[in-house]
Amino acid sequence: MTAPVVHKGVGEPRPAWFENRFAANGWTGAWRNGVHEFRHYHATTHEALGCYAGWADIQLGGPSGEIHRIEAGDVVVVPAGLAHCNRGQSDNFALVGACPGGVTPDMQKGEGDPSITLPRPPHDPVLGAGRGFSA
């Protein structure tokens with residue numbers, strides 16, 4: 001399983017900024033929402049989460065996984081198979097999500113599956129080709 005990438009302060013606090021940047025790098029089919037409070041993962045795709053308002057504490061990995069506070073302007077790239085969940089948030093927390101190639105993420109509840117090894121996409125959702133998650 002590939003490690004997650006957390007980009008701090010890379011975006012503007014506007015949903016359209018994340019939608020446009022993600023799409024320019026091939027991460028399409030964007031949606032606006034939050035992060036589920038139950039531990040889940042995606043077996044069929046990686047996922048980019050761009051926070052445009054508030055903050056949330058996102059746990060990446062199983063029950064002992066690290067908790068990362070993401071705030072407006074931050075992006076988390078969650079690799080396929082890595083469990084993640086919301087461990088608390090501000091009242092105004094909001095994000096844009098997208099997947100490479102516009103794949104709709106499947107929903108698998110549980111601790112994650114480290115045997116899932118999808119290829120890295122050619123572009124990081126924020127930094128572009130050969131950098132960040134795609135390197």
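**Salt bridges in close-up**

Across the whole structure, a search finds five salt bridges (a salt bridge is a side-chain nitrogen of Lys or Arg within 4 Å of a carboxyl oxygen of Asp or Glu). Side chains of opposite charge can pair when their charged atoms come close. This is a predicted model, where local features need pLDDT of at least 70 and side-chain atom pairs count only at pLDDT 80 or more, while totals for chains, interfaces and linings use all residues. Residues are numbered from 1 along each chain as its sequence is written, and side-chain values use heavy atoms, with hydrogens and water left out.

**View 1. Lys8 meets Asp74.** The closest N and O atoms of this salt bridge are 2.6 Å apart. The pair links distant parts of the chain, 66 residues apart: Lys8 sits in the loop between strand S1 (5–7) and helix H1 (15–24), and Asp74 in the loop between strand S6 (66–71) and strand S7 (75–78). Helices (H or I, at least four residues) and strands (E, at least two) are DSSP runs, numbered from the N terminus. Lys8 is partly exposed at 45% relative accessible area, whereas Asp74 is buried at 3%. Buried means under 20% relative accessible area, exposed over 50%, and partly exposed in between (1.4 Å probe, protein chains only).

**View 2. Glu12 pairs with Arg14.** Look for the closest N and O atoms of this salt bridge, 2.7 Å apart. Glu12 is partly exposed, at 36%, and Arg14 is partly exposed, at 39%.

**View 3. Arg32 reaches Glu19.** Here the closest N and O atoms are 2.7 Å apart. Arg32 lies in strand S2 (residues 27–33) and Glu19 in helix H1, 13 residues apart.
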